[in-house]
Amino acid sequence: MNSALETVYLDNSATTRVYSESAALALDAMCSSYGNPSSLHRKGIEAEKLIKKAKEQIAVTIKASPAEIYFTSGGTEADNLAIIGGCNANRGNHILSSNVEHPAVMSALQQLEKKGYIVEYIPVQKNGIIDTARFSKMLRKDTVLVTCMFVNNETGAVQPVESMGKIIKKTNPGTLFHIDAVQAYGKLPIDVGSLNADFISLSSHKIHGPKGVGALYVRSKSKLLPVQFGGGQQNGIRPGTENVPGIAGFGLAAEMCHNNMNQKIEKMEYLKQRLKNGILNNIGDVLINTPDANAAPHILNVSFAYVKSEVLLHSLENDGIYVSSGSACSSHKKGPSYVLSALGVDRKMIDGSIRFSLSEFTTEKEIDYTVERLVENVKNIRKLMKR
Amino acid sequence: MQKIDLILLKYGEIALKGLNKPIFERKLLDNIKSRLDKIGKFSVRRAQSTVYVEPLDDAADMNQALKILKKIFGIVNICPVVKCEKNMESIAKTAQECLSGLDPSGKSFKVEAKREDKKFPLNSPQLCMELGGILLDRVEGLRVDVHNPEIVVNVEIRGEAYVYTQKIKGAGGMPVGTNGKATLLLSGGIDSPVAGYMIAKRGVEIEAVHFHSHPYTSDRAKEKVIDLAKEVSQYCGKIKLHIVPFTEIQLAIIEKCPENYLTIIMRRIMMQIAEKVSRQNGSAALITGESIGQVASQTMESLVCTDNAVEMPVFRPLIGMDKEEIVTISKKIETYETSILPYEDCCTIFVPKHPKTKPDLAEIIEAEKALDDIEEMIEKAISEEEVLVIK
């Protein structure tokens, strides 16, 4: 094993390494600015300031105003709050979504279905992307909410959320629009104005911030009811003492990750293409599940025929390379990936699918080493599996 | 939380061991002491086939001790005792309090008394009658049945008065360490932890071997086995767990042996490795969780082939049990939830499509000849083992 490459972390869609500056700030918030932001004394104000600062840092990255940012415990809670809180606050019985959403969205929608909402799931095309013409047709007068992810967590496919936002605004301005931008944040420009979104979910730990914190953008005019109740913090929309260290770390991470973002995106895109070409040129019987166009710069999903993805994952782990089989969030459930199934990928190919997800820290050397180890490991595994 | 001043432990089988009785008693006492040492300071002493456990300071939690004692082999009955002053009124009051926790209304009871301190004014029968009368008066719905009572109120008059109404069933069996040592082949499944528990129950110290096949199994599978060993060690005390890397051997089997014999050859080699590990560690027998006919590798014929791989006796305590019965025990000993976690162990990967259910030993021995360097591979695997002491 190349000792210079002890850890090649290519599982950044599962979570990322926290910026050390962000970790230091969180530590400081725990050890010195430890006051309760609701307390009236100086210690409280000190903590409150950290939250204010983080709100500003995040708001500017999506061209929102700080008052439109609400902190949550993460992406899952932000999705739940937008979907359930949005539907509770507005009229209409019909919800539109896609068939490749994250479980945080899928499960929240299933809860609403149990309560009598009619939820329709727009089937994606073979490339994993929603057809906007089909979306237009499925949008109804009584559609209370459209919820759609920006970037798919398994394949990296980018959904046409901007066009969807325009369609909603033109034909059904009363319909709420929620975008789960957890995988898009920091990897694609997000502009709340051009997206016409009412709610946008963000997560800290996918952009080198601490775990356990996320945010929901709530457009100032959009109505939302809380789904949990307590001491009235954050206008009562999301009560509970704020996770100050997490929020402070998140704010700084948001700022840092958006510094020179275009260059970072270009680099990730280049490395992703290099990885893809390395695989295609050196390994036979593979299928790229990430679309060529309309894809995020950091995710590459590949199926290797005659390979069990978990075995390949653990072989790569022996070489210090960390990847994911399907999506880490669904790895503790058995059964094939529903996202790849929705794209019509053959069951055998799904069982051999690996997701590589890059970050701004990924290097060319790491990508080349990964290709080299992939070639070797896939060869060895196929020798056994093809018997 | 129940108030407990003292716990009385009664042991059954050991008391019948004749001249060897002191050896068993000492071991039991040692086991109890080492287990309780982990949670605080307790006095553990023995008199007349009873063990007395008392707290030595305020931090020693008797309710926690009770939980631990329920899992120590060699104890048949456990009685949590409340102490009080040696006069009728406080004895009656204490007995009343003990009864109130047992929902006594409508139940039958009797009093049993032992008077060790002969200076106490009432003798045992008098004490029974007197206390019985008071309780009958004061506790509503209680009735007397001296032959088949639902509740027995026990009073012992010693330095103080001891009152207890509960007789909790202990783990039974024999003190671990009084019957030698055996090596358990511990997979991640439901059966092997139960097998280890059952053999430990007969006083056998447990050594364990697990085969790890990274990258064909994940490190989570290994963590799961460590967790299982911890759970079993609640009953059998310290376990030395040997984690033997098995990938190379497994790959060699797959490469060189016929597909339908993969599993049985793999199991034979696992047995051989376990036997070697046993010899090196002073263990005299092997333990497996096999049950006749459960899977292809556990048919009568397969078991004959596996058995033939080693010289040591192989104990298979689950041999005649149905899966359901095994599951019941694994739930009781709290290994079930860990066992059913989905991380694949080396038995479930590379399973042949059509395993032989009636394997032929001669054919297997012939097929194994293809593994010409198996002795060295076994030595290498053992030399690379990871050893963990689970307490």
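This is a predicted model: local features need pLDDT of at least 70, side-chain atom pairs count only at pLDDT 80 or more; totals for chains, interfaces and linings use all residues.
The model scores ipTM 0.78 and pTM 0.85. For chain B the mean pLDDT is 91, with 97% of the residues at 70 or more.

**Overall form of chain A**

- Chain A contains 13 helices and 13 strands.
- The radius of gyration of chain A is 21 Å, which agrees with the value near 21 Å that a compact globule of 387 residues would have.
- Along the principal axes, the C-alpha trace of chain A spans about 65 × 55 × 35 Å.
- Buried residues make up 51% of the 387 residues of chain A.
- Of the contacts in chain A between residues at least 6 apart in sequence, 75% join residues at least 24 apart.

**Helix packing around H8(A)**

- Helix H2 (residues 42-61) of chain A packs against H8(A) at an angle of about 30 degrees, with an axis separation of 8 Å.
- Because angles under 35 degrees count as roughly parallel, H2(A) and H8(A) are classed as roughly parallel to each other.
- The crossing of H2(A) and H8(A) is left-handed. Among the residues that make this contact are A:Leu50, A:Ile51, A:Ala54 and A:Ile58 of H2(A), together with A:Ile247, A:Phe250, A:Gly251 and A:Glu255 of H8(A).

**Two residues in chain B elements**

- B:Ser108 is placed in strand S5 (residues 108-115) of chain B and is partly exposed, with 15 other C-beta atoms within 10 Å.
- Leaving aside neighbours within four places in sequence, B:Ser108 is in contact with B:Arg143, B:Val144, B:Asp145, B:Pro149 and B:Glu150.
- B:Glu85 is 23 residues from B:Ser108 in sequence, and their C-alpha atoms are 26 Å apart.
- B:Asp191 lies in helix H5 (residues 191-201) of chain B.
- Beyond neighbours within four places in sequence, B:Asp191 contacts B:Gly289, B:Ser291, B:Leu318 and B:Ile326.
- B:Asp191 and B:Val146 are 45 residues apart along the chain, with 44 Å between their C-alpha atoms.

**Backbone features in chain B loops**

- The peptide bond from B:His214 to B:Pro215 is cis, with omega near 0 degrees. B:Pro215 belongs to the loop between strand S11 (205-212) and helix H6 (219-236) of chain B.
- B:Ser49, a residue other than glycine, has a positive phi near 55 degrees. The loop that holds B:Ser49 runs between strand S2 (42-47) and strand S3 (50-55) of chain B, and B:Ser49 is partly exposed, with 13 other C-beta atoms within 10 Å.
- B:Asp103, also other than glycine, has a positive phi near 50 degrees. B:Asp103 lies in the loop between helix H3 (88-100) and S5 of chain B and counts as exposed, with 10 C-beta neighbours inside 10 Å.

Technical notes: Residues are numbered from 1 along each chain as its sequence is written. Chains are lettered from A and ligands numbered from 1 in the order in which they are written. Helices (H or I, at least four residues) and strands (E, at least two) are DSSP runs, numbered from the N terminus. The radius of gyration is taken over C-alpha atoms; the globule rule is 2.2 Å times the number of residues to the power 0.38. A residue is buried if 20 or more other C-beta atoms lie within 10 Å of its own, exposed if 12 or fewer, and partly exposed in between; C-beta atoms are placed from the backbone. Two residues are in contact if their C-beta atoms, placed from the backbone, lie within 7 Å. pLDDT is the predictor's confidence in each residue, from 0 to 100. Axes are lines fitted to C-alpha atoms, for helices over the stretch in contact, and angles run from 0 to 180 degrees between N-to-C directions. Angles under 35 degrees count as roughly parallel, over 145 as roughly antiparallel, 65 to 115 as roughly perpendicular and the rest as oblique. A crossing is left-handed if the near helix is turned anticlockwise from the far one by less than a right angle, and right-handed if clockwise.
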